[in-house]
Amino acid sequence: MTPFNRVWVRQLLALAIALALWEGAGRAGWLNPLYAPPPSRVGGALVELFADGGIWPHLEATFSAALGGLALGIVVGVVLGAAAALVPLVAELLEPVMMLLNAVPRVVLGPLFVIWLGIGIASKVALAFVLVAVLVFFTVYTGIKQVDRRLVERVRTLGGGRWAILREVYLPFVAAWIMGNLKVAVGFAFTGAVVGEFVGASRGLGYLLSFAQSTYNASLMLALVLLIMAFVLLIFGAAGRLEKRLLRWR
Amino acid sequence: MLRVSDLSLSYGGPEPVLEGASLEVEAGRFVSLVGPSGSGKSSLLRAVMALQAPSAGRIERDAGLSPSDIGILFQDDALLPWRTAAENVALGLRLRGTDRRRAAAEAETWLERLGLAGFGARYPSRLSGGQRKRVALAQVLALRPRLLLMDEPFASLDAIVRARVTQDVVDLVEREGIGVLLVTHDLEEALALSDTVYLLSQGPRARISQCYTVPIPRPRNLVRARTHPAFGPLFEQLWRDLSQEVDGARREEVEAA
């Protein structure tokens with residue numbers, strides 16, 4: 001088997017060719033560097049971000065907001081989703097609100113959160129939280145409603161009470177649903193954090209993006225986009241491994 | 001051991017699906033319920049397990065037979081997919097207070113008895129249909145039930161696996177003196193396994209229309225049971241009676257239309 005037979009080798013090769021063509025076109029003057037800077041300049045901007053260490057506070061701000069919103073969103077989404085699935089009155093009250101929040105692009109709440117919570121981290125956490133919580137709510141709500149009744153009866157006939165049914169059937173079933181949506185939730189959390197920073201902040205990758213836009217610095221903007229993609233892919237990888245480990249029974 | 005008297009079951013419609021059913025299961029005896037679809041056979045088992053409330057009638061157990069002495073094996077194996085085979089078998093024991101280590105050891109013993117030694121660490125998704133069925137059986141038998149209810153438990157298995165698993169169950173039931181109430185569509189299976197076969201009429205308002213005693217001695221080999229002189233005539237009789245029930249119900253439907 002030659003290296004070329006491997007998919008990832010072919011993919012890397014295609015990427016290298018595309019980057020070389022882009023670089024060549026830039027150097028030949030066929031692309032305006034103001035709009036489409038060549039890869040070498042984007043790489044330079046990326047190196048510069050890390051060289052002076054100025055990127056770290058921004059990374060910390062974005063990650064704190066995204067992971068804070070993700071954790072809060074999962075906890076609140078699970079609690080509300082479970083309550084709505086198990087208590088009809090809670091479902092009557094919550095379902096219309098969640099449907100409404102689900103129907104609108106929730107990032108429109110970003111400016112409102114800045115007014116309410118200021119330009120600090122709280123408004124970014126709030127936006128990431130709203131994005132994640134609604135997703136998790138519907139995941140848990142639908143998941144519990146679709147629990148296999150035969151499994152519930154099985155545990156009951158083996159001598160299990162309500163707590164045993166919750167522990168042996170509902171929790172693993174819902175956990176599987178959440179794990180299946182974890183990657184989407186991670187994406188939502190970072191979207192919330194970055195958009196929140198874009199709307200109004202003094203730190204964070206979204207703030208840097210806004211700064212790059214206002215100074216027409218396309219190299220910095222592309223470098224930041226690459227950076228965000230790389231970090232989200234890393235987290236996706238970790239979530240994928242966790243999913244594979246926890247759902248190995250599938 | 002178990003007495004069902006004048007039992008009626010309803011799904012909330014105007015007519016009961018089953019009406020006035022009475023039957024008895026004694027310790028160490030194999031009793032089958034056969035009948036057309038929709039005659040309430042499975043519902044009767046669910047009522048015995050208190051998974052469905054009867055609309056009339058009584059279900060009585062002997063004083064010494066507690067609800068925890070009754071095991072049920074459904075048509076679907078209904079194993080927890082996130083638990084391994086051994087964990088599934090140990091589940092009932094743990095739910096009844098057996099400590100984790102002892103439950104695990106007993107689970108392994110039961111898996112071994114049912115020919116699944118070495119399969120304990122596998123998840124249900126990694127087992128064949130026959131293996132899953134054996135795990136479900138081990139799960140129920142590990143609780144040492146004195147009365148076993150079975151709702152077409154082997155219907156989904158291929159013929160060879162089905163014959164083997166069924167023989168395993170018969171051997172165990174005979175050895176342990178367990179009373180069995182089996183629901184099946186398979187008349188041959190009912191006769192080969194049972195001491196008594198009850199025939200249900202077409203629902204709604206299904207009733208027990210016939211009761212047959214099977215004089216084939218125990219211990220039973222399920223292949224040889226089919227060659228016993230009493231088997232053929234009983235099978236013909238049962239088949240004729242069932243056909244009459246179904247044809248009669250069809251005629252009533254046509255006349256009513």
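1. Where is the place of Glu152(B) in chain B? Glu152(B) lies in the loop between S6 and helix H5 (159–176) of chain B; helices (H or I, at least four residues) and strands (E, at least two) are DSSP runs, numbered from the N terminus. Its phi is near 40 degrees, a positive value in a residue other than glycine. Glu152(B) is partly exposed, because 18 other C-beta atoms lie within 10 Å. On this scale a residue is buried if 20 or more other C-beta atoms lie within 10 Å of its own, exposed if 12 or fewer, and partly exposed in between, with C-beta atoms placed from the backbone.

2. Basis of the model. This is a predicted model, in which local features need pLDDT of at least 70 and side-chain atom pairs count only at pLDDT 80 or more, while totals for chains, interfaces and linings use all residues. Residues are numbered from 1 along each chain as its sequence is written, and chains are lettered from A and ligands numbered from 1 in the order in which they are written. The model scores ipTM 0.81 and pTM 0.76. For chain B the mean pLDDT (the predictor's confidence in each residue, from 0 to 100) is 89, and 98% of the residues reach 70 or more.

3. Chain A overall. Chain A contains 10 helices and zero strands. Its radius of gyration is 23 Å, whereas a compact globule of 250 residues would have a value near 18 Å; the radius is taken over C-alpha atoms, and the globule rule is 2.2 Å times the number of residues to the power 0.38. Along the principal axes, the C-alpha atoms of chain A fill a box of roughly 75 × 60 × 30 Å. Of its 250 residues, 34% count as buried. Among contacts in chain A between residues at least 6 apart in sequence, 72% join residues at least 24 apart; two residues are in contact if their C-beta atoms, placed from the backbone, lie within 7 Å.

4. A backbone point in chain A. Tyr216(A) has a positive phi of about 55 degrees although it is not a glycine. This residue is placed in the loop between helix H9 (205–214) and helix H10 (218–246) of chain A. Tyr216(A) is exposed, because 10 other C-beta atoms lie within 10 Å.

5. The interface. The contact between the chains takes 13 residues from chain A and 16 residues from chain B. On the side of chain A that touches chain B, helix H7 (149–157) and helix H8 (162–199) of chain A each supply at least two residues. The largest share of that side, five residues, comes from H7(A). By class, the side of chain A has five nonpolar, three polar and five charged residues. Here Ala, Val, Leu, Ile, Met, Phe, Trp, Tyr, Cys and Pro count as nonpolar, Asp, Glu, Lys and Arg as charged, and the others, Gly among them, as polar.

6. Chain B overall. The secondary structure of chain B comprises eight helices and nine strands. With a radius of gyration of 19 Å, close to the 18 Å that the globule rule gives for 257 residues, chain B is as compact as a globular protein of that length. Its C-alpha trace spans about 60 × 45 × 35 Å along the principal axes. Buried residues make up 44% of the 257 residues in chain B.

7. The sheet of chain B. Six strands form an open sheet with mixed pairing, in the order S5-S6-S7-S3-S8-S9 (chain B); two strands pair if DSSP finds at least two bridges between them. Strand S5 (70–73) and strand S9 (208–213) of chain B stand at the edges, each with a single partner strand, so one side of each is left without a neighbour in the sheet. Strand S3 (residues 30–34) and strand S7 (residues 179–183) of chain B pair in the parallel sense over four bridges. The bridge partner of Phe30(B) in S7(B) is Val180(B).

8. Leu141(B) is found in helix H4 (residues 129–141) of chain B. Leu141(B) is buried, because 23 other C-beta atoms lie within 10 Å. Leaving aside its neighbours within four places in sequence, Leu141(B) is in contact with Trp110(B) and Leu172(B). Pro219(B) is placed in the loop between S9 and helix H7 (222–225) of chain B.
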